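Please work through the following exercises with the sequence and the structure at hand. Each task is followed by a solution in steps.

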Amino acid sequence: MKRQIIFALAAATALGLAAATYHASAAPEKLKVGFVYVGPVGDLGYTYQHELGRQALQKALSDKVETTYLENVPEGADAERSIEQLARTGHKLIFTTSFGFMDATLKVANKYPNVFFEHATGFKRAKNLATYAARFYEGRYIQGQIAGKTTKSNVIGYIVSFPIPEVISGINATMLGAQSVNPNVKFKIIWVNSWFDPGKEADAAKALIDQGADVLTQHTDSPAAMQIAEQRGIHAFGQSSDMIKFGPHAQLTANTDYWGNYYIDRAKLVLDGKWKSDDTWDGLDKGMVVMAPYTNMPDDLKQMAMKTEAAIKSGTLHPFKCPITDQDGKTVDCKGGNRLDNGQILSMNWYVKGIDDKVPGK
Amino acid sequence: MVDTLVAILQLIFSVSFILTVVTATTPLLLAASGELVVERSGVLNLGVEGMMIVGAACGFAGAWLSGSALVGAICGILAGMALSAIFGVLTLGLAVNQVATGLALTILGVGLSGLIGAGFVGEKIVPASHLYLPVLTTIPGVGRILFGEDPFVYVAVALIVGIWLFLYRTRAGLVLRAVGDNHASAHALGYPVLGIRMLAVLFGGACAGLAGAYLPLAYTPFFIPGMTSGRGWIALALVVFASWRPGRLVAGAYLFGAVSILGLALQPLQLGIPQQVMNMLPYLATVVVLVLISRTRGTAGSTAPASLGMVFVPDR
């Protein structure tokens, strides 16, 4: 008798739960969008800008879209696990925001053909894997010009992470910009082998200043170098985010990324069923790259920078306009008419003339 | 060739280089000193990274809320102690496996620090001030190195000297070493093994917390999650490198710090060495030195405290 009552109760509970969940799934489901970050959202640099983009997406489409993010995901084998976790839990659009996630994203994309993947700053695509990046080098060309005019010692300090094409093209664009106003500029480059290590970046900044640099620029993600520049009374450029708070007298400008509009556009495409694999590479013209306000410089330099920015936006000036001579003195074969084409910039693994460094790994 | 050598020597003996090495080594020395005491008492606490990073978050929070770097340092110490207390209760009170608990502590600490520190990202504090003595600090060269550092540097030096005195010149230190070498005998003699180990664990937590607090209070005066970047693990390795001896710990810490900075500062001199090798140098150097000093020892077997990592449950 007792057993029968227990069975009956169990059956009733099961039926009740089934009815409840059936009801819940009848409501329209929101599109789940996932984001995979390489660093902490609090890095006040690269990852922070992606997070701002995600927040913009969540705000603009809050009734149709639900976003989640995973931060501090290491590049490499661990990344695959994290991306797959998002794919398995119902996310239909996944953004992986660092170059090092490339192979992991491709692998998971092949496993989940019904999920759309977008990989930032990479170059491998598939039917359900698109790529997107910002033309950071446009901002770097402007920074190079400003640096060339600001430096008195003609030594620019450059703190960099890993020798991938995006970083190399950034160094080259900065040098070309600097050379266009000051042919005697030299770079001192330190590779810290990490996107994010404030202590190491601070040490590198100190070493560069000790070796004569009076303008610092970086391709790493923390404001440590900007702070050292402020302490030592020299100038620096912010990377990915406006770092003026850490360098009120030091920051000249910052190369900030703005991903919000892109994320909203892509989510809308998925909602309308019109998403397809693409390669988006926008810059100053579409507002994907935004220069922080020009500060701590004389007015005529500010005017020059704004003129260059306008010229790049309108297309009349291209940072990689030909002819370009490489480190060994050879003229580079220009495939884009009078400038390097996209493919050449995306796979850049050589330095322009005037840079005293060896591309690591060559 | 000669002028590159000259450039390198000029670099190594420059005041700025030595100052940078001292500041880079200080967090490692602070954390490793505490861990040395813990391991000498027979407990293997792998949670140094977690305690350091919680110390960083709480240290910055304390300094920002109170306006004083000293309060921040105290908050960092307390945070490290609190986390190590959890470790102590689990491994000493409940006899849980020390390695697993230590690793779990690291993961917990990293997550907790991100949670605590999230609201403080982007804030600015007044960093710890540097010592200034009227005549001494202005001596060209050594003045700033010896008399112009921030308080953490002096605390680190005083700490390791104090630990050496404690371990080798006091009775309490002898008892601690005895507990670490043979906890059964120490217990038989009537010493409170678990109590001594708990005190050691708390001390180790305090040092790790202080080491972590050093980063946002003096080294790079801002807080960002993850800012310890693995320094806790290096501190752990340094304790083993030092064969659990304070003198060797100082040497090992400064070797590692100096080669780390060298690996960065030599890159712009274009020596033809790939930058990946330059970044590997501190680890390579430590391994090479370890091999060399181990060969000259002549004794067989490890110099670790004999009861290191072994669970102790009193039989009465």
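The exercises below concern a predicted model and proceed from one chain to its contact with another.

**Exercise 1. Overall description of chain A**

Task: State how many helices and strands there are in chain A, and what percentage of its residues is buried.

Solution: 
- Step 1. Chain A holds 11 helices and 12 strands.
- Step 2. The C-alpha trace of chain A spans about 95 × 45 × 40 Å along its principal axes.
- Step 3. Of the 362 residues in chain A, 49% are buried.
- Step 4. Take the contacts in chain A between residues at least 6 apart in sequence: 65% of them join residues at least 24 apart.

**Exercise 2. Helix 7 and helix 8 of chain A**

Task: Determine how helix 7 of chain A is oriented to helix 8 of chain A, and which residues meet.

Solution: 
- Step 1. The axis of helix 7 of chain A and that of helix 8 (residues 224–232) of chain A come within 8 Å and cross at roughly 40°.
- Step 2. Helix 7 of chain A is therefore oblique to helix 8 of chain A.
- Step 3. The crossing of these two helices is right-handed.
- Step 4. From helix 7 of chain A, the residues A:P198, A:E201, A:A202, A:A205, A:K206 and A:I209 meet A:A224, A:A225, A:I228, A:A229 and A:R232 of helix 8 of chain A.
- Step 5. Sorted by class, this contact has 8 nonpolar, no polar and 3 charged residues.

**Exercise 3. Helix 7 of chain A and helix 12 of chain B**

Solution: 
- Step 1. Helix 7 (residues 198–210) of chain A and helix 12 (residues 246–265) of chain B have axes that come within 9 Å and cross at roughly 60°.
- Step 2. Helix 7 of chain A passes helix 12 of chain B in a right-handed crossing.

**Exercise 4. The contact between the chains**

Task: State how many residues the contact takes from chain A and from chain B.

Solution: 
- Step 1. The contact takes 33 residues from chain A and 29 residues from chain B.
- Step 2. On the side of chain B that touches chain A, helix 2 (15–40), helix 10 (193–219), helix 12 and helix 13 (275–295) of chain B each supply at least two residues.
- Step 3. By class, that side of chain B has 15 nonpolar, 13 polar and 1 charged residues.

Note on methods:
Residues numbered from 1 in each chain as written. Chains lettered and ligands numbered in written order. Predicted model: local features only at pLDDT ≥ 70, side-chain atom pairs only at ≥ 80, totals over all residues. Axes fitted to C-alpha atoms, helices over the stretch in contact; angles between N-to-C directions. Helix = DSSP H or I, 4+ residues; strand = E, 2+ residues; numbered from the N terminus. Left-handed = near helix turned anticlockwise from the far one by under 90°. Buried ≥ 20, exposed ≤ 12 C-beta atoms within 10 Å, placed from the backbone. Contact = placed C-beta atoms within 7 Å. Parallel < 35°, antiparallel > 145°, perpendicular 65-115°, else oblique. Nonpolar A, V, L, I, M, F, W, Y, C, P; charged D, E, K, R; others polar.
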